[in-house]
Amino acid sequence: FDIVIPDGAGIRPLGQLIGQPIRAHVGLPHLAHAMIDLAAQKGYRVLLLGATKEVNAEAGRRLRLRYPTLDLCAGIDGYYLPEAEGDIARLVRDLQPDILLVGMSLPKKENFLLRWKDTMQVPVAIACGGYLDVLAGKTRLAPALMERLALSWLWRFLQEPRRLFS
């Protein structure tokens with residue numbers, strides 16, 4: 001990866017430990033949202049990869065309502081068979097997104113991006129986990145207080161307790 005954006009509670013303490021104070025926590029959902037804002041402003045093409053067809057459709061519908069000028073590719077279902085990975089990567093390449101948001105579980109999304117980055121040829125790919133569910137309104141981001149207390153994981157668990165065991 002060119003840039004790794006860790007999304008965890010240990011980032012600020014680690015920064016203090018190495019003498020690099022970190023003023024604010026920027027989670028992956030916030031980075032992904034900022035990239036969508038930028039894409040809408042600059043005319044960049046965005047592709048959603050991951051989640052279900054239904055979640056992608058609803059996320060796309062909501063994004064188009066909020067950003068009427070957003071160049072949004074059709075979403076790609078993240079529940080595919082392992083032997084289809086190459087086809088998915090070539091489809092991403094053919095759709096030519098400027099920004100790829102990959103909403104899959106850990107480590108599936110990271111492994112997919114590492115394996116297929118050269119094939120896909122996407123300038124910016126963000127492994128954003130459950131952010132597609134947030135875009136679709138299926139789940140919500142943690143309240144600011146929970147983020148400040150590094151309890152976003154607990155908020156996610158309370159919304160989808162079964163995911164921890166799947």
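**Close-up views of a predicted model**

**View 1. Strand β1 meets strand β3.** These two strands run parallel and are joined by 5 bridges; strands here are DSSP runs (E, at least two residues) and helices likewise (H or I, at least four), numbered from the N terminus. Look for G50, whose bridge partner in β3 is G103. This is a predicted model, in which local features need pLDDT of at least 70 and side-chain atom pairs count only at pLDDT 80 or more, while totals for chains, interfaces and linings use all residues. Residues are numbered from 1 along each chain as its sequence is written, and side-chain values use heavy atoms, with hydrogens and water left out.

View 2. Strand β3 (residues 99-103) runs parallel to β4, and 4 bridges join them. Within this pair, I99 has V124 as its bridge partner in β4, and L101 stands opposite I126.

**View 3. Inside strand β3.** 5 of the 5 residues of β3 are buried, so the strand is largely enclosed by the rest of the structure (buried means under 20% relative accessible area, exposed over 50%, partly exposed in between, with a 1.4 Å probe and protein chains only). I99, L101 and G103 point one way, while L100 and V102 point the other.

View 4. The axes of α4 (residues 85-95) and α5 (residues 108-120) come within 9 Å and cross at roughly 45 degrees. From α4, the contact (heavy atoms within 4.5 Å) is made by E85, G86, I88, A89, R90, V92 and R93, and from α5 by F112, R115, W116, T119 and M120. By class, this contact has 6 nonpolar, 2 polar and 4 charged residues (Ala, Val, Leu, Ile, Met, Phe, Trp, Tyr, Cys and Pro count as nonpolar, Asp, Glu, Lys and Arg as charged, and the others, Gly among them, as polar).

**View 5. A buried aspartate.** D133 belongs to helix α6 (residues 131-135). Its relative accessibility is 7%, so D133 counts as buried. A59 is 74 residues away from D133 in sequence, yet their C-alpha atoms are 7.5 Å apart.

Conventions:
Axes fitted to C-alpha atoms, helices over the stretch in contact; angles between N-to-C directions. Pairing = 2+ DSSP bridges.
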